[in-house]
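Dear colleague,

Please find the structure below. My notes on it follow.

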Amino acid sequence: MKKTGMRHAAIAAVSLMLSLTASQAAFADTSVPTTKPTPKSLTLMLDWFVNPNHGPIVIAQEKGYFKANGLDITIQEPADPSMPPKLVAANKADLAITYQPNLTIDVAAGLPLVRAGTLIATPLNTLMVLEGKGINSMADFKGKTIGIAIAGNEEATIGSMLQSGGVNFDDVKIINVGWALSSSLASGKVDAIWGGLRNFETNQLALEGYKAKAFFPEEHGVPAYDELVFVANANTYDKAAINAFNHALEQATTYIVNHPQAAWKTFVAYAPDTLDNELNHRAWNDTLTRFALRPAAVDLQRYDDYAAFMKSHNIISTQPKAQDYVPVFQ
């Protein structure tokens, strides 16, 4: 073959290869979606106004973890803190924050709710007194006055704590002080308060010049429980969306643990006028170890133990089984 022929043959071969490559590329382009999947929209009703307890939620929103997991989360604050679980039960919200004991009460009452994840994995509630007032053990509560914010299960909880020190529930006086827990304790109106949170009221009193001492229910006869959990409607929940939600929360919590101060700055940027203050900063630091590192993980026996405790103290008339309202999410 002459050189000219060889050159023409080579050019033809190269042209054929380019043509095939272009065809393959064109075929590949038509097989790849040109738009991203539409994010799954969920409404999340908080238990209260935004505060450090909601750290992982805010970080997941601000850092884009929800979005990266295919979710579009609308965070709402309730006008009435008692309503979020009821709104979920009525399909007026997709998720809500509540307390493990409250979830058990609601399920026992017939509300169609399931636990979807955990936000705060330890109790926060305490029986709180001021240092130097002569109350150093549970035995010292005899004859004292205890202020509460909401009446309901104090005979079971406070009563069990008192019994650990040999004191009967009838040996103390219970008065409802509304939301004025810290001021009632500081002013001497009551000797102790039930409902003071170990990450908030302790710091609030300290900022006002008072040193508080907290007695923890889980150390005095009350079973441990998850302080804050997420609930979904038992009949309509989207398992895939909840799995994605928990994954985003886990990413956010990991970031908080690894970068607590950077996370704090991101957190307060969400609502600087209300979040960026010394009380919230102290509460933030005291809440870091309370966040659930694995929001989807759950101990069914822990739920059954607390339900049995509530049943034994007549807080609920029927005892639901954890397996019926605590599905496994992974």
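Lys40 is partly exposed, with a relative accessible area of 38%. Its side chain meets that of Asp238 in a salt bridge, at 3.5 Å from N to O. This pair links distant parts of the chain, since Lys40 sits in strand 1 and Asp238 in the loop between strand 10 and helix 9, 198 residues apart. Asp238 also counts as partly exposed, at 30% relative accessibility. Bear in mind that the model is predicted.

Glu218 pairs with Arg198, and the closest N and O atoms are 2.9 Å apart. Glu218 is partly exposed at 29% relative accessibility, whereas Arg198 is buried at 10%.

Arg302 and Asp226 also meet through their side chains, with 3.2 Å from N to O. Here too distant parts of the chain are linked: Arg302 belongs to helix 13 (residues 300–312) and Asp226 to the loop between strand 9 and strand 10, 76 residues apart. Asp226 is buried, with a relative accessible area of 6%, while Arg302 is partly exposed at 23%.

As for the overall fold, the protein has 14 helices and 10 strands. Of its 330 residues, 43% are buried. The protein exposes about 16600 Å², of which carbon and sulfur atoms supply 52%. Among contacts between residues at least 6 apart in sequence, 80% join residues at least 24 apart.

Five strands make an open sheet with mixed pairing, in the order 2-1-3-10-4. Strand 2 (71–76) and strand 4 (113–120) are at the edges with a single partner strand each, so one side of each has no neighbour in the sheet. From one strand to the next, the twist averages 25°. Strand 1 (residues 40–45) and strand 3 (residues 95–98) run parallel and are joined by 2 bridges. Met45 stands opposite Ala96 in strand 3.

Helix 2 (residues 55–62) packs on this sheet and touches strand 1, strand 2, strand 3, strand 4 and strand 10 (228–233). The direction of helix 2 makes about 135° with that of strand 2. Helix 2 is mostly covered, with 6 of its 8 residues buried: Gly55, Pro56, Ile57, Val58, Ile59 and Ala60. Gly64 follows helix 2 and has a positive phi, near 85°.

The loop between strand 1 and helix 2 contains Trp48, which is partly exposed at a relative accessible area of 32%. Trp48 forms a nonpolar surface patch with Phe49, Ile150 and Trp179, and together they have about 510 Å² of accessible area.

Ile242, in helix 9 (residues 239–258), has a relative accessible area of 4% and is buried. Ile242 is in contact with Leu95, Ala116, Ala232, Tyr237 and Phe329. The C-alpha atoms of Ile242 and Leu71 are 9.7 Å apart, although 171 residues separate the two in sequence. Thr145, in strand 6 (residues 145–148), is buried at a relative accessible area of 17%. Thr145 touches Lys173, Ile175, Val190, Asp191 and Ala192.

Regards

Terms used: Residues are numbered from 1 along each chain as its sequence is written. This is a predicted model: local features need pLDDT of at least 70, side-chain atom pairs count only at pLDDT 80 or more; totals for chains, interfaces and linings use all residues. Side-chain values use heavy atoms; hydrogens and water are left out. Two strands pair if DSSP finds at least two bridges between them. Helices (H or I, at least four residues) and strands (E, at least two) are DSSP runs, numbered from the N terminus. Axes are lines fitted to C-alpha atoms, for helices over the stretch in contact, and angles run from 0 to 180 degrees between N-to-C directions. Contact means heavy atoms within 4.5 Å. Buried means under 20% relative accessible area, exposed over 50%, partly exposed in between (1.4 Å probe, protein chains only). Accessible areas come from the Shrake-Rupley method with a 1.4 Å probe; for residues, only the protein chains shown count as cover. Patches are made of residues with over 30% relative accessible area and no salt bridge: like charges are joined within 9 Å, nonpolar side chains (Val, Leu, Ile, Met, Phe, Trp, Tyr) within 5 Å. A salt bridge is a side-chain nitrogen of Lys or Arg within 4 Å of a carboxyl oxygen of Asp or Glu. Lists of a residue's contacts leave out its neighbours within four places in sequence.
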